[in-house]
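Have the sequence and the 3D view open while you read.

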Amino acid sequence: MQEQANAIVQTLKSKGLRVTPQRFAVYANLLSRIDHPTVEQILTDLNKDFPVSSQATIYSSLQALREAGLVREVLLQEGVCRYDANVQPHHHFCCQCCGAIEDIAWDTFKFIELKSLRSGLRGETYQVTVQGMCDACDERSDRCH
Ligand SMILES: [Zn+2]
Ligand SMILES: [Zn+2]
């Protein structure tokens, strides 16, 4: 636990970020989960042991982490911004029933040829979002209708 805390502090410092309790807590929370939480979900989680957190401080911590390249925004539903501490290239699976979002390894899909875009468009990167139903929802699929 202490080792992990040191690693987080080192990562923040290596990106030139001042280590504040809020930034630390937000980044540690994101690293500990794989569900791509919203600001509200992070807030709920942190308030369990950090009752001073407000949505505004979480936002500003996320902003700083994002500018440092440690966190990225994931926009898979209109108007819902989720956060991801996995900044390596990867795709997402989005369950249309429960809204769960799961990472898909980058090499799951065959290479997409960006050169096949019409001339004039210069593709640089892409990300695949697969929509469907997760296994948990599949098992109780009657709840989804
Ligand atoms: Zn689901
Ligand atoms: Zn992700």
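Leu17 counts as partly exposed because it has 19 C-beta neighbours inside 10 Å (buried takes 20 or more other C-beta atoms within 10 Å, exposed 12 or fewer, partly exposed is in between, with C-beta atoms placed from the backbone). This is a predicted model, where local features need pLDDT of at least 70, side-chain atom pairs count only at pLDDT 80 or more, and totals for chains, interfaces and linings use all residues. Residues are numbered from 1 along each chain as its sequence is written, with chains lettered from A and ligands numbered from 1 in the order in which they are written.

Leu17 sits in the loop between helix 1 (2-14) and helix 2; helices are DSSP runs of H or I, at least four residues, numbered from the N terminus. Setting aside residues up to four places away in sequence, Leu17 touches Leu12, Arg23, Ala64 and Ala68 (contact puts C-beta atoms, placed from the backbone, within 7 Å).

Now the two helix pairs, with axes fitted to C-alpha atoms over the stretch in contact and angles from 0 to 180 degrees between N-to-C directions:

| Pair | Axes come within | Crossing angle |
|---|---|---|
| helix 1 and helix 2 | 10 Å | roughly 115° |
| helix 2 and helix 4 | 9 Å | roughly 75° |

Helix 2 is therefore roughly perpendicular to helix 4 (65 to 115 degrees). Gln22, Arg23, Val26 and Tyr27 in helix 2 meet residues of helix 4, including Ile58 and Leu65. Helix 1 and helix 2 are likewise roughly perpendicular to each other.

Terms used. Helices (H or I, at least four residues) and strands (E, at least two) are DSSP runs, numbered from the N terminus. Angles under 35 degrees count as roughly parallel, over 145 as roughly antiparallel, 65 to 115 as roughly perpendicular and the rest as oblique. Two residues are in contact if their C-beta atoms, placed from the backbone, lie within 7 Å.
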